[in-house]
Amino acid sequence: GVFEGLGLEVPDAPPRPPLGRAPEDWRIVEHQGRRFARELNTMPQWAGSCWYYLRYLDPHNDDRFVSEDAEHYWMQGSEPRSGVDLYVGGVEHAVLHLLYARFWHKVLFDLCHVSTPEPFGTLFNQGYIQAYYYEDQRGVRVPATEVTTTDGKPAYEAQGTKNASFTYNGEPVAERYGKMGKSLKNAVAPDDICEQYGADTLRLYEMYMGPLDQSKPWNPQDIVGVHRFLQRVWRNFVDDESDALLVDDAEPTDDQLKLLHKTIKAVTEAMAAMSFNVAIAKLIEMNNALVAVDRLPRTLAEAFVRMLCPLTPHLAEELWFRLGMEGSALVADWPEHDDKHLVEDTIELPVQVNGKVRGRIQVPADAAQPDIEAAAQADPQIAAAIGDKTLRKAIVVPGRLVNLVVG
């Protein structure tokens, strides 16, 4: 099968794997009067897992593992990238799999079965998800989900708390901290989270935990906050009592347009940098600002749902459908920001008195220095801080701060 899949000539006799040279008393196992032959050919499992991405390109081809046309179409990209555009994996996965995937790809390239010397264009190493785990007095790890505090509460309610005590089956256990996984018995079943909160909440929480390339602590209590955000999104769009859509065709106000285009710019840049937590934070800010709006302007609603879709596709697609849009939100055009809506009319400046911040003022973005100084001195908090002292000098750092030197 391996030779046929590569389009090579099949030998008269199948090749014998290295384990085939092992003594017969090891290759043949007798059990309860029956003889069993060990599986000796480990290559299909190992090699097959290294070039799966090529088979994805042409999965129904019965003559070759991938046709030349399909391989050229998908794998030949513009330099310096080629092949799979982005490879995301943890450090261990990249070392244990990526290394050998590249090896096999280069073998196929040397044999002229693929047209690119490298299989992956960009590598991004994601961080670990970390969580508390527990060991009994023997040092044996126990299931973290079955550990409780000494007063019977779930362990996660007191995790990381100083002087907290934990038990498992009535016996004391010690709290430790490490990578979430089966070996430490601290893994969380995604199905349980989905059952309670839904898949969108789980997706959003994992992306909101922190930068993708850094290790992050798992905290079940934080999932509730993410879930509440999605509930607020729904209530902004749909009336709880009538189930009616709270969207109309009214023109957005200048402030709403400014908010929209600032959000589009920030989310677009964050998504391109794979800073999903930043993109989510910007959408939360926009959603919070829209809570006070009785009916959302359609311009804002459509753009918001389109930006939300890669993060929480189930909720976004439902809202997209209710908005009367055709097709899937995921393939709709991505919104673009307009720079004219990003210009600030006013700016906020901190005001220092002898180097200490005593207040903040709002001034026109193009205000001249004398006007900024006058606004600072007229502010009640700043005036109280100056008191009967004499203004010696006013230092204005454009767009940054005002420092009044008095004595």
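Biologist: Where is Asp136 found, and is Asp136 buried or exposed?

Modeller: In this predicted model, Asp136 lies in the loop that runs between β5 (129-135) and β6 (141-142). Its relative accessibility is 16%, and because the cut-off for buried is under 20%, Asp136 counts as buried. Once its neighbours within four places in sequence are set aside, Asp136 is in contact with Val142, Pro172 and Val173.

Biologist: How should I read the packing of α10 and α11?

Modeller: Two packed helices are described by the angle between their axes and by the distance between those axes. Here helix α10 (residues 254-272) and helix α11 (residues 276-290) pack at about 165°, with their axes 8 Å apart. Since angles over 145 degrees count as roughly antiparallel, α10 is roughly antiparallel to α11, and α10 passes α11 in a left-handed crossing. The residues of this contact divide into 13 nonpolar, one polar and one charged; those from α10 include Leu259, Leu260 and Val267, while α11 contributes, among them, Phe276, Lys282 and Met286.

Biologist: Which residues touch the most other members of the largest nonpolar core?

Modeller: They are Trp218, Val233 and Phe237, in a core of 48 residues. Helices α7 (190-197), α8 (199-208), α9 (220-237), α10, α11, α12 (298-308) and α13 (313-322) each supply at least two residues of this core. Not counting residues up to four places away in sequence, Val233 touches Asn287, Phe304, Leu308, Leu315 and Leu319. There is also a second, separate core of 14 residues, which includes Ile386, Ala394, Val402 and Val406.

Key
Residues are numbered from 1 along each chain as its sequence is written. This is a predicted model: local features need pLDDT of at least 70, side-chain atom pairs count only at pLDDT 80 or more; totals for chains, interfaces and linings use all residues. Side-chain values use heavy atoms; hydrogens and water are left out. Axes are lines fitted to C-alpha atoms, for helices over the stretch in contact, and angles run from 0 to 180 degrees between N-to-C directions. Helices (H or I, at least four residues) and strands (E, at least two) are DSSP runs, numbered from the N terminus. Angles under 35 degrees count as roughly parallel, over 145 as roughly antiparallel, 65 to 115 as roughly perpendicular and the rest as oblique. A crossing is left-handed if the near helix is turned anticlockwise from the far one by less than a right angle, and right-handed if clockwise. Contact means heavy atoms within 4.5 Å. Ala, Val, Leu, Ile, Met, Phe, Trp, Tyr, Cys and Pro count as nonpolar, Asp, Glu, Lys and Arg as charged, and the others, Gly among them, as polar. Buried means under 20% relative accessible area, exposed over 50%, partly exposed in between (1.4 Å probe, protein chains only). A nonpolar core is a set of buried Ala, Val, Leu, Ile, Met, Phe, Trp, Tyr and Cys residues joined through side-chain atoms within 4.5 Å.
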